[in-house]
Amino acid sequence: MKRLSIVWISLLFIIGAFNAHAVQPKPPTSTSWYVAPIWADTDNVLYGWMYSKGYAAGQVDLNTPGTQDSVVILALGNPRISGGVYGASGYGRFLSVNTMRLVAYAFAAGYWDGSGSDGASQMRIVLGTNNSVIDGYTDTFLYNHGAAWVQMVKDTAVTIQPFASQVMVFGGNDIEMGYSFPGKAISWVNGYASGYVAPYYLFNFGSADGCPLSGTTAVPGACVTVETQQKGYVWSQNDIEYISWRARPSYPLPQIYGTGGGNAKQWQQIALYSYLKYNQDMFITAPLSQSQACTQNGGCAGTNNTPIQAWNQLWNELNSNVSTFQDFWWSTDIKWRQP
């Protein structure tokens, strides 16, 4: 069984084991962000905007009864290098590892100030890239980029130390089957793992497009879509299980976008595959929805689950089988930064 090196992870599993069939109420849903810099922005403008979003998140926790435990994904774009410095595309403007470290600092400082007298609530920041447009990179580059990413996460943890009683930072990757060959994504994850030490976990907040909805055995099923067929990508449940769970730093925080419930079925089947093949109890940390991003962009029919729909679909599917039953930590919904 995979290591569970933090006490609160272990306790969650124990509690979940005794309450697996009691419906788990959804916690408050946090807002995650595609951090898209505006071209005319300076970095200081970006930091100011990020502080304001952290402050708003802190205010929500301050004004919500009880102690909150939330996650916010800061999606920063696909892997890049500029002038020998690693970073991310920023969805249009290169962001260096140092800039991203200060983006996280600004959010953490805002959350600290916004949460005010509520010193007990917790915020987990996931600094995320993705596996889009990486086929042109060598496996060595991707490995090294993953290693640079985990170092950035560790450096960020030092930078936000003044807020450490409430804020933690992790790595993330939006890994999707239509974005690259699986080996490219695996090279990046292995690079991250090369520098990993607890608690700087890696959260895969990607998809399992085309993966089986049922019938899983210990033999990995293929994950096939029209896009993967056109591009020649050959993904399997085993690839997704590895990058999301079996790789030493990894935990899944999957996209549960589909209103028909297929995404939830795909992830339940991947968890079942992990159990049947490796005797692993895959723990899925939270469902990610995109209802706010869909609203911003005029709608996305069929993939616009609300947070409660995503939560219910995933919880019900996982708890339909004794080999995959569990509860979650968080609920989060993503949107775009806009001018």
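**Salt bridges, a helix, rings and a pocket**

Let's start with one residue. Asp 41 has a relative accessibility of 16%, so Asp 41 counts as buried. The cut-off here is simple: buried means under 20% relative accessible area. Please keep in mind that this is a predicted model.

Which residue does the side chain of Asp 41 meet in a salt bridge? The partner is Arg 337, and the N to O distance is 2.7 Å. Now find the two ends. Asp 41 sits in the loop between β1 (30–34) and α2 (43–62), while Arg 337 is in the segment after β13 (332–336).

How many salt bridges does the count give? The count is seven. I'll show two more.

Take Asp 139 and Lys 184. Their side chains meet in a salt bridge, 3.4 Å from N to O. Asp 139 belongs to helix α4 (residues 139–159), and Lys 184 belongs to helix α5 (residues 182–194). The pair therefore ties together parts 45 residues apart in sequence. Asp 139 is partly exposed, at 39% relative accessibility. Lys 184 is buried, with a relative accessible area of 15%.

The next one is Glu 227 with Lys 231. Here the salt bridge is 2.9 Å, N to O. Both residues are in helix α6 (residues 226–231), four residues apart, and about one helical turn separates them.

Why do we call α5 largely enclosed by the rest of the structure? Because ten of its 13 residues are buried. Among them are Pro 182, Trp 188, Val 189 and Tyr 192.

Trp 149 is in helix α4, and at 0% relative accessibility Trp 149 counts as buried. In sequence, Trp 149 and Val 189 are 40 residues apart. In space, their C-alpha atoms are 9.9 Å apart. Compare another pair. Asn 173 and Asn 305 are 132 residues apart along the chain, and 21 Å separates their C-alpha atoms. Asn 173 is in strand β7 (residues 167–174). At 3% relative accessibility, Asn 173 counts as buried.

Now the rings. A pair of aromatic rings is described by the distance of the centres and the angle of the planes. How many aromatic pairs does a search of the whole structure find? The search finds 23. One of the pairs is Tyr 137 with Phe 141. Their centres are 4.3 Å apart, with 35 degrees between the planes, and the pair is tilted. Phe 141 is buried, at 13% relative accessible area.

A second pair is Tyr 201 with Tyr 251. This one is edge-to-face, with 5.2 Å between centres and 80 degrees between planes. Tyr 201 lies in the loop between α5 and β8 (202–204), and Tyr 251 lies in strand β11 (residues 250–252). The parts are 50 residues apart in sequence, so this pair ties them together. Tyr 201 and Tyr 251 are both buried. They also belong to one aromatic cluster, with Phe 170, Tyr 196, Phe 203, Trp 245, Phe 283, Trp 329 and Trp 330.

Last topic: empty space. Rolling a probe the size of a water molecule over the atoms shows where such space is left. The second largest pocket has a volume of about 220 Å³. Which of its 14 lining residues are closest to the centre? They are Thr 29, Ser 30, Thr 31, Ala 57 and Val 60. β1, α2 and β2 (69–75) each give two or more residues to this lining. α2 gives the most, with five. By type, the lining has eight nonpolar residues, four polar and two charged.

Methods:
Residues numbered from 1 in each chain as written. Predicted model: local features only at pLDDT ≥ 70, side-chain atom pairs only at ≥ 80, totals over all residues. Heavy atoms only, no water. Salt bridge = Lys/Arg side-chain N within 4 Å of Asp/Glu carboxyl O. Buried < 20%, exposed > 50% of the residue type's maximum accessible area, 1.4 Å probe, protein only. 1 Å grid on protein atoms, 1.4 Å probe; cavity = no way out; pocket = protein on both sides within 12 Å on 5 of 7 lines; lining within 4 Å. Points joined across faces, edges and corners; volume = space filled by probe spheres on them. Nonpolar A, V, L, I, M, F, W, Y, C, P; charged D, E, K, R; others polar. Phe/Tyr/Trp six-rings, centres within 6.5 Å; stacked < 30°, edge-to-face > 60°.
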